[in-house]
Amino acid sequence: MSLPADALVVGAALFVSLAVAMLGRAVEGPTIQDRAIAVNAVGTVTVVVIALVGAAFDEPGFLDVALTYALLNFLLSVGLSKVVVERGGVL
Amino acid sequence: MATPGTLTAVALLVGGLAFTAVAALGLYRLPDCYSRAHATSKSETLGALLALSAAGVAFGEVTTTVKLGALAVFLLVTSPTAAHAIVRSADDQGIDPWRRPAGADDHEGDESGRGPTNVEDGTAGGVGGGDGSGRQPTGEGGES
């Protein structure tokens, strides 16, 4: 049972490196929307990483954390897009 | 040893990594916030679904599979919705989408310094000026 755990940990590490690469767009995005899209993508990768680490260490409680994080990620995107327009016509 | 469950989990994980790498590449290379949202909302969602399937195969229990299925459905619904909300806020702000420059007919003209969100010209018709850059066709060097 050690080979899937190792593979999942290595996959989670690669996902983290992809998230770091996505943060470059969040740093140098010209508009607010570019940064918001990049942060949303990083949050999705974070949900996946939490689920993979929970699967690697065989702890089902991590999935609740992943669900909550996905909810907060969606809430952040919608709230940010409503705040930026300041007219409130989004969604 | 390589059980079928392990092989399935590793294959799904590699697929998810590949699609997420495509999303990261599109997020870094595409010239516009609209096209960046296009890259992340689809490819990123598919990569996340594949990776969550890998986690579900690696768990192999009923409750975790149900919970991961709920998480996958939630991501499948909310990730394009969030991208749509962000892009719609960009459109309400009046950010023009990227257009191909007038002189460029090849795929060399996609450097990220030129593309994004030229709010200040506002013409969006492509008729103004034309050869404002005035670059020679031999000067395909590294400056940008």
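**Exercise 1.** Determine how α2(A) and α3(B) are oriented relative to each other.

*Solution.* Step 1: the axes of α2(A) and α3(B) lie 10 Å apart and the helices pack at an angle of about 175 degrees. Axes are lines fitted to C-alpha atoms, for helices over the stretch in contact, with angles running from 0 to 180 degrees between N-to-C directions. Step 2: angles under 35 degrees count as roughly parallel, over 145 as roughly antiparallel, 65 to 115 as roughly perpendicular and the rest as oblique. α2(A) and α3(B) are therefore roughly antiparallel to each other. Step 3: the contact involves residues of α2(A), among them Ile37(A), Val47(A) and Ala51(A), and residues of α3(B), among them Leu68(B), Leu75(B) and Ile86(B). The residues of this contact divide into 12 nonpolar, five polar and no charged. Here Ala, Val, Leu, Ile, Met, Phe, Trp, Tyr, Cys and Pro count as nonpolar, Asp, Glu, Lys and Arg as charged, and the others, Gly among them, as polar.

The model is predicted: local features need pLDDT of at least 70, side-chain atom pairs count only at pLDDT 80 or more, and totals for chains, interfaces and linings use all residues. Residues are numbered from 1 along each chain as its sequence is written, and chains are lettered from A and ligands numbered from 1 in the order in which they are written.

**Exercise 2.** State the secondary structure of chain B and the relation of α2(B) to α3(B).

*Solution.* Step 1: chain B has three helices and zero strands, in the sequence pattern α-α-α. Helices (H or I, at least four residues) and strands (E, at least two) are DSSP runs, numbered from the N terminus. Step 2: the axes of α2 (residues 33–59) and α3 (residues 62–92) of chain B come within 10 Å and cross at roughly 175 degrees. α2(B) and α3(B) are therefore roughly antiparallel to each other. Step 3: their contact has 18 nonpolar, seven polar and one charged residues.

**Exercise 3.** Is Ala58(B) buried or exposed, and what does Ala58(B) contact?

*Solution.* Step 1: Ala58(B) is found in helix α2 of chain B. Step 2: a residue is buried if 20 or more other C-beta atoms lie within 10 Å of its own, exposed if 12 or fewer, and partly exposed in between, with C-beta atoms placed from the backbone. Ala58(B) has 27 other C-beta atoms within 10 Å, and therefore is buried. Step 3: leaving aside neighbours within four places in sequence, Ala58(B) is in contact (C-beta atoms within 7 Å) with Pro4(A), Leu8(A), Ala55(A) and Ala9(B).

**Exercise 4.** Describe the contact between the chains and the largest nonpolar core.

*Solution.* Step 1: the contact takes 43 residues from chain A and 44 residues from chain B. On the side of chain A that touches chain B, α2(A) gives the largest share, 14 residues. That side has 31 nonpolar, nine polar and three charged residues. Step 2: a nonpolar core is a set of buried Ala, Val, Leu, Ile, Met, Phe, Trp, Tyr and Cys residues joined through C-beta atoms within 7 Å. The largest core has 62 residues, of which Val48(A), Ala51(A), Leu52(A), Leu52(B) and Ala55(B) touch the most other members. The largest share of this core, 16 residues, comes from α2(A). Step 3: not counting residues up to four places away in sequence, Leu52(A) touches Leu8(A), Gly11(A), Ala12(A), Ala51(B) and Ala55(B).

Methods
Two residues are in contact if their C-beta atoms, placed from the backbone, lie within 7 Å.
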